[in-house]
Amino acid sequence: MTEESNLDPSGFAAGSPGPSPAPSDPAPAGGVSRRRLIAGGAATAAGGAVVGAGVTAAFMGGNARAAGATPSASASDVTDSVDLTRRVPFYDQPNQAGIRTPPQRHAVFMTFNLNRGATRQDLQVLLARWSAAIAQLTQGKAIGTIEPERPDAVATDTGEAHGLAPASLTVTVGLGPGVFDKRFDLAHKRPALLKDLPRIPGDVLQPELSGGDLSLQACADDPQVAYHAIRNLARMVTTTAHTHWVVMGFGRASAGPGQETPRNLMGFKDGTRNVVSDADYDQYVWLKDADWMTGGTYQVVRKIAMTIETWDFDRISDQQRIFGRTKDEGAPLTGEREFDTPDFAKQVEGAQVIDPTSHIALAAPENNSGVKILRRGYNYTDGLNNQGLLDAGLLFISYQNDPQHFVDLQNKLGRFDLLNEYIRHIGSAVFAVPPGPATGSYIGKALFD
Amino acid sequence: MSHRTHAAAGLGAVLALAAGLSGCAGSTPAASTSATASAPADGSAPVVDGVAQVKVTLTGGEDGDKCTADFGSAPAGPVTFTVENVSSTAITEVEIQSELKILGEKENLAPGLPPSPFTITMNGGQYTLYCLGATPQTQPFTVTGEAAAAPTGSTATLLNQGTKDYGTWVGTQADGLKAAVADLKAAVDSGDVAKAQAAYLAARPFYEKIESDVEGFVMPGFKVDDNKGNLDYLIDMRASNLDEKVGWSGFHAVERDLWKAGKISDGTKKYAADLDTNVGKLVDVVKTLEFKPEDLANGAAALLEEVQSGKITGEEEAFSHTDLVDFHSNMEGARQAFAYLQPGLEKIDPDLMNQVVTQFGNVDDALAELRDKTAPGGYLPWTAANREKHRKELSQAVLALQQPMQKIAEKVATAK
């Protein structure tokens, strides 16, 4: 979407990135008596076509393939699997989980506003209780009793995840600009680059889908596990904060190491050139020498609606011109394979092969001073809109050590992107994401020290 | 509503140091260097300035989270339990219980928060340290010797007095309801729509304040699935729960005629007369009710549920749009029930009590913004347009009150 391929200065992203394991890579949980299920992800989805498809594709030219009916499949199918018994560690990681963690299949993203009259101490207790509860939830445990012994007691945990596996659940906590206003005497702790995003061309933001004092990004390979986490975290803090807006995401719209590049709802691969290497994470994602925010990052969230039916009626050549890539393989229009480097200068008969206002041309790092942002979005649907049309799009989530990187990129895209005819940025927010907590501590504790 | 015999607590417990204990930030362990300390020879907790000091430490671990007290006994008198959550994510609450009754507690515990103390005055005897989520969850705590006489009434005495007083208050509301419905009937019989509307609005609050106490009351001789014998249905049914077999009845049948039709028919007069009869029966029932502390807490919670699901939605007063008047009355009923529990709850958990008080204030503030002196009943008419504009804020405020309110019943329960 607003991204496609802004991410690899070498231009060769990720064919075989070979990064060292991310700190929050999930590890299979040993000796758990929960139900275990390993499903071949993309392999299953692509059905029996998987084995032969790559070979067939290799013999066919790019254009021939675009007309062909056989879906291609990458060689990484084997590792793109779901193991529901995986748990992601919560404590004692340098960064919060849910950022570098390989994207899970489902997400629930919710923002909150702090209640009128909420105090600094209320905020402190909220962050401490959330942290403890997230620690429980990510290990596949309830946050308290599901069936209390005392007849007049109300259950602490709502119970719908009872018996479900941890499913690589991560919950990432973000702090919005409102946390650092004078209400909580925290102005002196404000992360240096945290402020509301400026208006960006093309924005048609709705106030009820924008901003927020706090954000929770819950991701899991089981949607009920993610929903349970958000529901219980929201429920336990109603005296301090209330819900603002929420998006439920599915079909991760970004790939982690070893994952096949997924597709957005426009049917195009999304995130071919994402941040993958340690060096890029250090340079573009994690904050260094940032006082209490060292090891943290900034989260930009955009709810981007797609005019689905209109898009679906667009001819394939126009769709491919808009993205600058082929639909099936995901190759740049100047190349054959997904990870071929786009040649933005190439001309045929006096015209540039990749339209300079195509999505990839505007977003590519080589056209943006090398800047990269980590994209970790999900597709969403809200059912039907008031015209009876499909109400769906992209929950765009990016992580970067300077929100201005996103702003610069989107300023360009918002003005010129051919894709703008088919998308609307309707929601927007920015949050500071503190570093991960140590055992015995909680997210954001440094605010109160 | 059945009344179970209340077994009086054998051991009185009194919060000696309510002030300064609320919250956790800035709290420090009670022990101080300047205090006079004495260590009892029997190995029980040391006494500082006349208060025994017990430290309770919560830790996480592979084989279950642990709740550890540095002393398993204390001399009779005031005892401060200082709870520090070092690393337990499973334990969120620590209580001292006597025969399953909660004498004092700390909630909202989490790793990284400052140590948090609570103090209770304990007589000699066996108690239980209850750590919700720990392995094991309970452990014995012994108090030796006799305490000096408790300075004021025990928690149980205060709670029982509260329930009696609440019962009296409910009786006065029932009397008010009876008189107001008689006025409504007279106004309807007179055929004066404006007067009848005014009488309707005057009668509603009495019912809305105590409706949780009569919810679902079925008259003797009727089956539970027959709404003809369900007094609550006959008096307060809505369009949304209309039982075709029984038909329209009660307050909202009158409301529909007065506002939607805008006129009084013979049918309206019949509705008003039936309402008068059924309210008479209800008032007789109400006056026989006896309450336990948990009934008050559950009743208050039920009224908030009414507000959240019936009033904010605009479902209750679908024709007169005076839902906010009912909202106000439901809140008043909840506040009364809570107020009668408050002295006892203050001894058990002053933090929780203060939370409820604060959140009541927030709901009051949110509702006060919707006052409209010119409107019938004194509040903005709860039309679709006004609901659209204001319901989110109201709903969130009520939710914030429901959260601490839901915890009260188990804290004050006397049933075993």
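1. pLDDT is the predictor's confidence in each residue, from 0 to 100. Where pLDDT is low, the predicted coordinates should not be read in detail. For chain A overall, the average pLDDT is 85, and 81% of the residues score at least 70.

2. The chain has 449 residues, and 58% of them count as buried. Of the contacts between residues at least 6 apart in sequence, 81% join residues at least 24 apart. The accessible surface of chain A is about 17300 Å², with 54% of that area belonging to carbon and sulfur atoms.

3. The corresponding figures for chain B follow. This chain has ten helices and twelve strands. Its length is 416 residues, of which 54% are buried. Among contacts with a separation of 6 or more, 71% are between residues 24 or more positions apart. Chain B has an accessible surface of about 16800 Å², and carbon and sulfur atoms account for 53% of this surface.

4. The domain assignment divides chain B into domain 1, made of 13-33 + 44-151, and domain 2, covering 156-412. Taken over C-alpha atoms, the centres of domain 1 of chain B and domain 2 of chain B are 40 Å apart.

5. One sheet of chain B deserves a description. The sheet is open, has five strands in the order 6-12-11-8-9, and shows mixed pairing. At its edges are strand 6 (73-75) and strand 9 (101-106) of chain B, each of which pairs on one side only. From one strand to the next the twist averages 25°. Strand 6 of chain B runs parallel to strand 12 (residues 138-144) of chain B, and three bridges join the two. Within this pairing, P75(B) has T144(B) of strand 12 as its bridge partner.

6. In chain A, two antiparallel pairings share strand 8. Strand 5 (residues 106-114) of chain A is joined to strand 8 (residues 241-250) of chain A by nine bridges, in the antiparallel sense. Here F112(A) stands opposite T243(A) of strand 8. Strand 8 of chain A also pairs with strand 13 (residues 378-384) of chain A, again antiparallel, over two bridges. In that pairing the bridge partner of F250(A) is N379(A) of strand 13.

7. Which residues does G310(B) touch, beyond those up to four places away in sequence? They are R238(B), E305(B), E315(B), E316(B) and D323(B). G310(B) belongs to helix 6 (residues 293-311) of chain B. G310(B) counts as buried because its relative accessible area is 3%, and the cut-off for buried is under 20%.

8. S154(B) sits in the loop between strand 12 and helix 1 (155-190) of chain B. Is S154(B) buried or exposed? At 19% relative accessibility, S154(B) counts as buried, since the term applies under 20%. In sequence, S154(B) and K347(B) are 193 residues apart, while their C-alpha atoms are 8.6 Å apart in space.

9. Most residues other than glycine have a negative phi, and most peptide bonds are trans. The peptide bond from T135(B) to P136(B) is cis, with omega near -5°. P136(B) lies in the loop between strand 11 (125-132) and strand 12 of chain B.

10. Two aspartates of chain A have positive phi. For D92(A) phi is near 65°; this residue is in the loop between strand 4 (86-87) and strand 5 of chain A. For D289(A) phi is about 45°, and the residue is in the loop between helix 6 (278-285) and strand 9 (297-306) of chain A. D289(A) counts as exposed because its relative accessible area is 79%, where exposed means over 50%.

Definitions and conventions: Residues numbered from 1 in each chain as written. Chains lettered and ligands numbered in written order. Predicted model: local features only at pLDDT ≥ 70, side-chain atom pairs only at ≥ 80, totals over all residues. Heavy atoms only, no water. Buried < 20%, exposed > 50% of the residue type's maximum accessible area, 1.4 Å probe, protein only. Contact = heavy atoms within 4.5 Å. Areas by Shrake-Rupley, 256 points an atom, 1.4 Å probe, with all protein chains shown as cover. Domains from an automatic or database assignment. Pairing = 2+ DSSP bridges. Helix = DSSP H or I, 4+ residues; strand = E, 2+ residues; numbered from the N terminus. Axes fitted to C-alpha atoms, helices over the stretch in contact; angles between N-to-C directions.
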